Structure formats: structure tokens, C-alpha cells
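Q: Hi! Could you walk me through this one?

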Amino acid sequence: MGLKLKRLLPKRFRKEGVTIPVVRLHGAIMSGGGGFRPMLNLAAAAPLLEKAFAIKDAPAVALSINSPGGSPVQSRLIFRRIRDLAEEKNKRVLVFVEDVAASGGYMIAIAGDEIFVDPSSIVGSIGVVSGGFGFPELLDKIGVERRVYTSGENKVMLDPFQPEKQDDIAYLKTLQQEIHATFIDMVKGRRGTKLADDGTLFSGLFWTGGRALSLGLVDGIGDMRSEIKRRYGRDAELQLISAGRSLFGRKQPGVSIDHAAAEIGAGAVSGLADLAQEKALWGRFGL
């Protein structure tokens, strides 16, 4: 019997079993996004998380994570929202990693009270990276003169059309170190004494699920369905939380978002740039 239909029955006629809401947090973590390329960020995830944690009879919320990372800000915002809701609703959070929970994906994963992985999942990459391209010689070759007018000597810092400056690189590394320190503090705060005494933990390396278990980055090897039934009984059910629909049938903000064709066309150029960035994030892990 379908879950929605079962809820219409009087309680005495229902087959007793715990229902665990499931939220899928999949994709590269970036602000913005749209119909051309939906992204994982707080705006997309928050409605689903609120809906999942609002189910009163559920003792826990299960999160399915599959993300190579991305924005450290959006990652931490999602992490914070999960923890706030868990404490507010007094629910346990169980995280299940699919292909990868790396960098920002792992930052979200540590919001879980327990983290489960597949032996071949990729986990870790606790570090910070910035990347880009430089084109200082291209303009000369094609006969284009770049003109930039600023108020503030650092407004064109790291401009890709100008030669790199060592002072700019040093400043960027300072910012990276501050972000990295925040990430490390979060991991230590959530994983505590579970972490192995290993000097590579915060080096940016990543590992298979089996190795991550020995390092204390995760709590077990297992899949969602099996673990939920082992923990809550064979009658336990999983309820996938999806985005609601508005009055006119369009999906409200969530991990999957529909937009009109005009919006897709307007965002095509930026969408292609997002796609390239997303491919690069996944590509680091051979995915």
C-alpha cells in the first residue's frame, strides 16, 4: 500500500512501522543555479530539510549525499541548517554517502550523527582550492587592449588578463588558510575522538570508504535501506522528500527546479560556465 494512501487509514488499520524521511543532497555546491543547471545550495536544500524534519513521528532523518564539493559558504550554511533542525526537532541524522562526499560534500556529511559509506565511496578532501585561467598574452596576440579603471589599488587583484603578482597570491593563500581552519575545526568538533592520529587527515587527500572508516571520518559501511531496517525493524519505510508544487503545478524551490524555456535560454551562457565548473569538481575524483 502506498505511503500516502496508508496515512488516510485510521491508525488501528495501519501496518505499524517507522517511516524515515530521506533528503537527497546531490550535486556540486554552488549559489544560484536554475533550470539549465540546478545546483546544491541552501536555497535548494532548505525547503526539503524543513519538510523532512517536520515529520513528527520520525525518530530520524536520513540524508543521501553525493557531492564533490564547491562553495564553502553554501556547504556550511547547509550543515548549520541540518544541525539546527536536528536539535530543534530532537531527531537523529543518519548520512549515507553514495559516490562521493568530498570537500564541501564532506562538510555537509559531518552534520550527521552517523555517517555510512560504500566501500568504494570517495571521502575526504578536507582542504580549500581556488582555480582559474590566465590570459595576459592572449590580448596582445589578437590585438585587443584591455582598459580597466578602478578606485582602490586592489580592485583588479587576480585579474586573469594581467600577469600574476606574488602579493596577490600570498593574500589569496591567507584567505584559503582561514577557510581551511574553519573546516578543520568543524571536522574536529563533530568527529572528535573518532578521528585517527594521522597527519594526512587535513592535507586535502581523499580516500575510499573503507580507508575513511579506519581514519574515523565515517562510522560504518552500509546502504540506507539495510541500515534503516536493521535499526528500526523490517517494517520501517523510507519516504523520499521532494519539492512541493505551487498553485500552477510548478515545483517550488528545491534540489530539482523547473523553469520556463525563456528562463533557460536567458541562463544558457552562465549555465554552460556552471557546467564546466561542475565537471571540473567531479573530474577531480574520476567521476
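Predicted model: local features only at pLDDT ≥ 70, side-chain atom pairs only at ≥ 80, totals over all residues.

Q: Thanks! How many aromatic pairs does the structure hold?
A: There is 1 aromatic pair. The ring centres of F96 and F116 are 5.3 Å apart with planes at 15°, so the pair is stacked (ring centres of Phe, Tyr or the six-membered ring of Trp within 6.5 Å; planes under 30 degrees apart are stacked, over 60 edge-to-face, the rest tilted).

Q: Where do F96 and F116 lie?
A: F96 is in strand β3 (residues 92-102) and F116 in strand β4 (residues 114-117), so the pair ties together parts 20 residues apart in sequence. Strands here are DSSP runs of E with at least two residues, helices runs of H or I with at least four, numbered from the N terminus.

Q: Is F96 buried or exposed?
A: F96 is buried, at 4% relative accessible area, and F116 counts as buried at 6%. Buried means under 20%, exposed over 50%, partly exposed in between (1.4 Å probe, protein chains only).

Q: New topic: what is the phi of S125?
A: Phi of S125 is near 55°, a positive value in a residue other than glycine. Most residues other than glycine have a negative phi. S125 sits in the loop between β5 (122-124) and α5 and is buried at 4% relative accessibility.

Notes
Residues numbered from 1 in each chain as written. Heavy atoms only, no water.
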